[in-house]
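Biologist: Hi! Could you walk me through this one? I'd like to begin with the charged pairs.

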Amino acid sequence: MTHLDVSIMGQSYRMVCREGEEKALREAAHYLDGKMCAIRDAGKIKGNDRIAVLAALGVAAEFLSVKSPQGPLSDLTILEVKQKIEAMHAVLDVALTPQENLF
């Protein structure tokens, strides 16, 4: 096992991966960092946990559309996928707002 330090939104994380998987892990961290920074920089979402959830949903939707072209997202247009993600954002806003008020 190899230890690897990555940075996501300016936060350092020490990861463990198998020998030979370092490049893939670095690329994944860089990709996630880009997604999360884009959400943060848009200025509409506050809180790293919310940003992480929204980025994860976006990445999962991308993964599912590539992994299973015949799957549930295969018949959707890009606009429809964006609308579904926006609907997920709205649900998260409602669910996470009470938690933000605690701090």
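Biologist: How many salt bridges does a search of the whole structure find?

Modeller: The search of the whole structure finds five salt bridges. A salt bridge here is a side-chain nitrogen of Lys or Arg within 4 Å of a carboxyl oxygen of Asp or Glu. Bear in mind that this is a predicted model, where local features need pLDDT of at least 70 and side-chain atom pairs count only at pLDDT 80 or more, while totals for chains, interfaces and linings use all residues. Residues are numbered from 1 along each chain as its sequence is written, and side-chain values use heavy atoms, with hydrogens and water left out.

Biologist: Which residue does Arg14 form a salt bridge with?

Modeller: Arg14 pairs with Asp5, and their closest N and O atoms are 3.0 Å apart. Arg14 is exposed at a relative accessible area of 56%, while Asp5 is partly exposed at 44%. The cut-offs are under 20% relative accessible area for buried, over 50% for exposed, and partly exposed in between (1.4 Å probe, protein chains only).

Biologist: And what do the side chains of Lys23 and Glu27 meet in?

Modeller: Those two meet in a salt bridge too, at 3.9 Å from N to O. They sit four residues apart in helix α1, so about one helical turn separates Lys23 and Glu27. Lys23 counts as exposed at 62% relative accessibility, and Glu27 as partly exposed at 47%.

Biologist: What about Arg40, which residue is its partner in a salt bridge?

Modeller: Its partner is Asp41, with the closest N and O atoms 3.0 Å apart. Arg40 is partly exposed, its relative accessible area being 34%, and Asp41 is exposed at 56%.

Biologist: Changing topic: which elements does the chain have, and how do they run from the N terminus?

Modeller: There are three helices and two strands, in the order β-β-α-α-α from the N terminus on. These are DSSP runs numbered from the N terminus: helices are H or I with at least four residues, strands E with at least two.

Biologist: Is Ile8 buried or exposed?

Modeller: Ile8 is buried, with a relative accessible area of 14%. Its place is in strand β1, residues 2-8.

Biologist: Which residues does Ile8 touch, leaving out those up to four places away in sequence?

Modeller: Ile8 touches Tyr13, Ala29, Leu32, Asp33 and Met36, where a contact means heavy atoms within 4.5 Å. Ile8 and Ala29 are 21 residues apart in sequence, yet their C-alpha atoms lie 6.7 Å apart in space.

Biologist: How much of the chain is buried?

Modeller: Buried residues make up 21% of the 103 residues.
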